[in-house]
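Notebook open, model loaded. I want to jot down what I looked up, one stop at a time.

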Amino acid sequence: MEFPAFVATLNVVLVLLALSSPFEFIQSPTDFGPLNFLQTTNDASEDFGRIVFNTPSAVLRPQSPTEISQLLKFLSASSFSKVTVAAKGVGHSIHGQAQALNGIVVEMGSLPSAIKIHKNGAGEPGFSYADVSGGSLWVELLEESLKHGLAPRSWTDYLYLTVGGTLSNAGISGQTFKHGPQISNVLEMDVVTGKGDLVTCSPTRSSELFNAVLGGLGQFGIITSARILLQEAPERVKWVRAFYDDFDVFTKDQEALVSMADKVDYVEGFIVLSEQSLHSSFVAFPSNLDFAPDFHAEGSPAVYYCIEFVVHNQKQTGESDAEEDQVVEDIAKLLNFIPSRIYSVSVSYFDFLNRVRMEELSLKSRGLWDVSHPWLNMFVPRSGIKKFTELLLGTISPDTFEGPILIYPILRHKWNSNTSAVLPTRAYGEEEEEEEEGEEEEEVVYIVGMLRSANPSVCSRECLEAMLEQNRYISEAAGRSVIGAKQYLPHYAQEQQWRRHFGGKWGRFLARKQEFDPLGILAPGQGIFQRKY
Ligand code: FAD
């Protein structure tokens with residue numbers, strides 16, 4: 001569409017936006033012709049959390065980055081408009097982060113999704129990589145790259161998330177200790193800034209925008225494509241779970257495992273609250289667990305812990321696993337799990353990475369996927385992890401907590417401190433003064449994911465509110481300096497909380513907003529900035 005015609009169409013949209021209630025202004029989807037504006041849909045006002053439901057005035061299904069650029073250029077130039085714009089991946093946020101109340105939601109999945117793989121020849125300088133649309137799913141990238149014997153190095157636990165959505169946060173999983181988060185594995189991006197500029201950026205080209213957007217919560221630009229680093233993919237993996245009844249031993253062994261990056265390819269772990277959480281801890285383990293502790297017996301621990309680690313097998317299907325078995329055996333000798341409580345299984349690399357999908361399908365078939373998810377994820381410095389776990393276990397009830405509690409270490413040096421993502425520094429003793437500048441930064445940071453579900457058949461709105469209140473309490477108490485934690489996938493109600501979250505990086509975050517989205521058009525659902533006129 002020619003720009004003047006586009007502007008005319010937008011003018012109509014904006015006048016209507018200004019004058020009408022969100023439901024009235026679009027008479028029919030065809031009012032917007034080839035621009036693929038749609039009347040708002042239920043989808044655009046929902047997300048995985050099912051806690052916040054903000055209805056936009058319109059939905060844009062862009063066919064090219066240029067359309068997004070034209071929209072943002074127009075909105076930046078029109079001083080009367082208060083319209084905001086939220087890019088939406090698949091809306092797997094918890095608190096409406098991809099929603100835009102009375103604004104425009106841009107559905108990133110409608111951008112053409114051609115995944116291009118560049119495989120580096122032997123001896124050729126440089127890396128193998130994939131060019132992928134910001135709205136593509138990680139599972140699509142995995143399927144395509146595996147055809148070339150390659151795969152991205154860093155993952156999330158669940159693959160039906162978009163590339164642009166996870167890069168706006170960090171993208172973490174059991175590979176993060178080894179390869180850094182997904183935002184540490186990006187070579188280049190195409191971004192449309194809040195001003196509508198279409199920019200190709202990388203660590204050496206428009207690097208300020210590149211770093212701002214990575215972990216930038218959608219505040220600075222919309223990622224229309226990304227160049228993702230690839231590595232040789234294994235055929236199969238050896239997947240191991242070992243159980244603990246002592247928290248200190250559990251964390252000591254997790255830290256030992258993340259120091260063995262030459263042998264170990266993935267490390268996670270979870271708290272086993274009950275018999276139920278042992279067998280349905282988000283991802284059922286495809287091997288017989290003959291571990292059945294009695295949680296209520298006198299003298300038994302109230303909770304157990306499980307370490308999960310993986311060793312890649314580079315051989316072709318059908319070849320013996322003897323070498324990997326030996327690696328696992330050697331590693332196991334260094335660990336102090338409950339005697340004989342170690343279990344392993346060999347699965348294909350794809351099935352391992354796609355493990356949460358099986359759980360999704362099972363929960364969907366029982367009507368337990370599309371329910372409210374009052375999730376809370378926190379980064380906790382090593383020095384605060386014990387106190388944090390005590391706080392958590394003292395707040396929730398093992399009898400009613402439905403869902404997994406993940407807990408595993410990551411290493412700070414794998415994160416680029418120039419990106420917008422933030423990690424906590426360290427916990428401070430009761431008597432210690434918190435430092436302002438040059439804070440001491442601990443290398444080991446834990447991620448704790450409290451991933452609970454609120455099944456409406458047993459949990460009313462009141463019960464959901466009580467869970468959210470517990471989350472606020474945990475987040476606030478853990479944010480104090482004696483624990484020193486910060487939220488991952490953050491959600492705060494007040495500017496003061498955002499300032500505290502970003503700490504020493506707040507000034508740079510503000511300056512970047514001023515440079516790339518000065519009118520505060522983008523990602524209003526994060527609740528960080530107000531739209532300016
Ligand atoms: P959305 O929810 O649609 O968007 C998230 C934010 O990013 C919004 O502010 C949106 O405006 C912005 N945004 C979306 N697309 C773009 C774009 N192209 N450019 C700029 N901004 C954009 N996270 C992990 O790190 N590790 C995990 O293991 C993990 N597991 C998960 C498992 C499940 C079942 C679920 C539901 C979520 C999980 N997440 C995990 C969280 C996930 O990373 C976030 O929900 C993330 O936002 C990706 O979801 P999405 O693609 O739907 O993005």
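Predicted model: local features only at pLDDT ≥ 70, side-chain atom pairs only at ≥ 80, totals over all residues.

In which sense do E15 and E17 pair, and over how many bridges? I looked it up: the pairing is antiparallel, with six bridges between E15 and E17.

**Strand E15.** I stayed with E15, residues 376–381, for a while. I found that six of its six residues are buried, so the strand is largely enclosed by the rest of the structure. I then sorted the side chains by direction. Leu-376, Met-378 and Val-380 point one way, while Asn-377, Phe-379 and Pro-381 point the other way, and all are buried.

**Ser-453.** Next I followed the chain on from E17 (444–450). Ser-453 sits in the loop between E17 and helix H13 (461–479). Leaving aside neighbours within four places in sequence, I listed its contacts as Leu-368, Val-371, His-373, Glu-402 and Gly-403. I checked one of these by C-alpha atoms: Glu-402 is 51 residues away along the chain, yet the separation from Ser-453 is 5.8 Å.

**Helix H3.** I moved to H3, residues 138–146, and asked which of its residues are buried. They are Trp-138, Leu-141, Leu-142 and Ser-145. These cover an arc of only 100° around the axis, which puts them on the same side of H3. What do they pack against? I wrote down strands E5 (116–118), E6 (128–133), E7 (150–152) and E10, plus helices H4 and H10 (349–353).

**Ligand shell.** H4 and E10 turned up again here. Strand E3 (85–88), helix H4 (163–167) and strand E10 (221–232) each supply at least two residues of the shell around the ligand. Of the 36 residues around the ligand, I noted Gly-89, Asp-157, Gly-164, Gly-165 and Gly-218 as coming nearest. By type, I get 15 nonpolar, 18 polar and three charged residues in the shell.

**Whole chain.** Last, I took the overall numbers. The chain has 15 helices and 18 strands, and 45% of its 533 residues count as buried. Among contacts between residues at least 6 apart in sequence, 75% join residues at least 24 apart.

Definitions and conventions
Residues numbered from 1 in each chain as written. Helix = DSSP H or I, 4+ residues; strand = E, 2+ residues; numbered from the N terminus. Contact = placed C-beta atoms within 7 Å. Near = placed C-beta within 6 Å. Nonpolar A, V, L, I, M, F, W, Y, C, P; charged D, E, K, R; others polar. Buried ≥ 20, exposed ≤ 12 C-beta atoms within 10 Å, placed from the backbone. Arc of directions from axis to C-beta. Pairing = 2+ DSSP bridges.
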